[in-house]
Amino acid sequence: MASTWRWWKKILNHMKENGWSADNVAFGSGGSLLQRINRDTQKCAYKCSYAYVDGKDVNVFKEPITDLGKKSKKGRMTLEKENDHWVTKEEGTGNPDKDQLMLVYEDGALVKEWTFNEVRSRSEMSNIK
């Protein structure tokens, strides 16, 4: 699809009609022309590791045969502190009572909204550093 103002208007109107924020999209013309910042340079991305489909638990992961270094974690995960080190437990092997992950979104709905001061406070906690 050519990146023109006509398409932008159509896309933005469709997003508005469906309750999406324009902050979720960036328009540009060609690769690497939008500040050259992406999830790899920022070391941040949202990824799916587990789904519940038709009444069944499903582990979601990737395991590319061309680069095993890109293999992802899978299944239900917990983030736990063991001997002053953070450890991610996969496929439901963790202890939910020790889990430091928090539910923020569920079924597309925001469950917990954080203020900037709350985020700053948590980042300064000794158990987080």
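1. Glu82 and its partner. Glu82 is partly exposed, because its relative accessible area is 33% (buried means under 20%, exposed over 50%, partly exposed in between, with a 1.4 Å probe and protein chains only). Glu82 forms a salt bridge with Lys89 (a side-chain nitrogen of Lys or Arg within 4 Å of a carboxyl oxygen of Asp or Glu). The closest N and O atoms of this pair are 2.9 Å apart. Lys89 counts as partly exposed, at 23% relative accessibility.

2. Basis of the model. This is a predicted model, in which local features need pLDDT of at least 70, side-chain atom pairs count only at pLDDT 80 or more, and totals for chains, interfaces and linings use all residues. Residues are numbered from 1 along each chain as its sequence is written, and side-chain values use heavy atoms, with hydrogens and water left out.

3. Confidence. The mean pLDDT of the protein is 81 (pLDDT is the predictor's confidence in each residue, from 0 to 100). In all, 78% of the residues reach 70 or more. Confidence is lowest in helix H2, residues 39-42, with a mean of 64. Strand E2, residues 56-59, has the highest, at 92. Read any detail of H2 with that mean of 64 in mind.

4. Element order. The protein has three helices and six strands (DSSP runs numbered from the N terminus: helices are H or I with at least four residues, strands are E with at least two). From the N terminus on, the order is α-α-β-β-β-β-β-β-α.

5. Burial and contacts overall. Of the 129 residues, 5% count as buried. Contacts (heavy atoms within 4.5 Å) were also sorted by sequence separation. Among those between residues at least 6 apart in sequence, 15% join residues at least 24 apart. The accessible surface comes to about 11,500 Å², and 51% of that belongs to carbon and sulfur atoms (Shrake-Rupley method with a 1.4 Å probe; for residues, only the protein chains shown count as cover).

6. The second salt bridge. How many salt bridges does a search of the whole structure find? The search finds two. Besides Glu82 with Lys89, the side chains of Glu118 and Lys112 meet at 3.6 Å, N to O. Glu118 is partly exposed at 30% relative accessibility. Lys112 is partly exposed too, at 27%.

7. E1 and E2 pair in the antiparallel sense over four bridges (two strands pair if DSSP finds at least two bridges between them). Val53 has Lys56 in E2 as its bridge partner. Two residues lie between the strands of this hairpin. Asp54, in the turn, has a positive phi of about 50°.

8. Ser49. Is this residue buried or exposed? Ser49 counts as buried, because its relative accessibility is 13%. Ser49 lies in the loop between H2 and strand E1 (50-53). Leaving out residues up to four places away in sequence, Ser49 touches Val58, Asn59, Val60, Lys73, Lys74, Gly75 and Met77.

9. Positive phi elsewhere. Most residues other than glycine have a negative phi. Asp84 is not a glycine, yet has a positive phi of about 65°. Asp84 sits in the loop between strand E3 (78-82) and E4. Asp84 is exposed, at 66% relative accessibility. Glu91 also has a positive phi, near 50°. Glu91 is in the loop between E4 and E5 and is partly exposed at 44%. Both residues deserve a look in the structure above.

10. Asn95. Asn95 is in the loop between strand E4 (85-89) and strand E5 (105-106). Asn95 is partly exposed, with a relative accessible area of 29%. Asn95 and Leu79 are 16 residues apart in sequence; their C-alpha atoms are 9.0 Å apart in space.

11. A nonpolar patch. Which residues form the nonpolar patch on the surface? They are Trp7, Trp8, Leu12 and Val25, with about 310 Å² of accessible area together. Patches are made of residues with over 30% relative accessible area and no salt bridge; like charges are joined within 9 Å, nonpolar side chains (Val, Leu, Ile, Met, Phe, Trp, Tyr) within 5 Å. Trp7 belongs to helix H1, residues 5-17. Trp7 is partly exposed, with a relative accessible area of 34%.
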